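Have the viewer open and follow along.

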Amino acid sequence: REVTSGVCYCCKTALAAGPAGTVYAAWRHVYEGDLRDIAMTVSQDGGRSFAAPSRVSEDGWAINGCPDDGPAVVVEATGTAHIVWPTVIGGAEPEGALFYATTRDGRQFTARVRVPTLGSPKPMHPQITLGPDGRIVVAWDELLQGRRVAAMRAVTRAGNGEVRFGEVVRIGADGSASHPVVTPVTGGVLAVSATGGDVSRIEARRLVVP
């Protein structure tokens, strides 16, 4: 069934199941003025029906084209949904950035918090998972010194709402990786990524996130 229209169709969408039949969906939406912000909707009946979409954050990125990148979502057992997404910060020298927020209902969101990355102007392809210790883990890739690298770091939210980020963990064994996907395993996180070089391959590594 159609959930909404006006979607930036080349960008990846995100889907995550929560407790009691809730399902969260997020995507990059085309708002008035060619603003490509992230939208989210939630189903309370296992996907049979969805609420009207809500805007996660007013990022203000206007582009007459498809960024070819989108959000990622994971839901805790408590029902809190965590979302991470790429956008571009405007100004004299626009730069790409990843942002993180949470929601309890898919309609109201915490203020966006920028995810510290490795320093390149365009981090991309964010992924998010719930680690085995209950912390959120965010992964992404970016072009650094002519080579695409992937990394991840833990995210914790204190009782006062303050968001803290753990140390960066590189994902690729040889330092080169892209399009990471992460999932919890006993004692850590399994990170799967694509690597380039003379022969491209898919690499899986079990990593501990400090």
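## Strands and pairing

Strands here are DSSP runs of E with at least two residues, numbered from the N terminus. Two of them count as paired if DSSP finds at least two bridges between them. Keep in mind that this is a predicted model.

## The hairpin and its neighbour

Let's begin with strand 14 (residues 178-185) and strand 15 (residues 188-195), which run antiparallel and are joined by 6 bridges. Across this pairing, Thr183 faces Leu190 of strand 15. The two strands make a hairpin with 2 residues between them, and Gly187 in the turn shows a positive phi of about 85°.

Strand 15 is also joined to strand 16 (residues 201-207) by 7 bridges, again in an antiparallel arrangement. Here Thr195 has Arg201 in strand 16 as its bridge partner.

Next comes an open sheet of 4 strands, ordered 5-6-7-8 with antiparallel pairing. Its edges are strand 5 (72-75) and strand 8 (113-114), each of which pairs on one side only. Between strand 7 (residues 95-103) and strand 8 there are 2 bridges.

## A closer look at Tyr100

Tyr100 belongs to strand 7 and stands opposite Val113 in strand 8. Is Tyr100 buried or exposed? Its relative accessible area is 1%, so Tyr100 is buried, the cut-off being under 20%.

Beyond its sequence neighbours, Tyr100 touches residues including Trp85, Ile128, Val155 and Arg157. His82 is another of its contacts, and the side chains of Tyr100 and His82 make a polar contact at 2.7 Å.

Key
Residues numbered from 1 in each chain as written. Predicted model: local features only at pLDDT ≥ 70, side-chain atom pairs only at ≥ 80, totals over all residues. Heavy atoms only, no water. Buried < 20%, exposed > 50% of the residue type's maximum accessible area, 1.4 Å probe, protein only. Contact = heavy atoms within 4.5 Å. Polar contact = N/O pair within 3.5 Å; in protein donor to acceptor, adjacent residues only side chain to side chain. Lists of a residue's contacts leave out its neighbours within four places in sequence.
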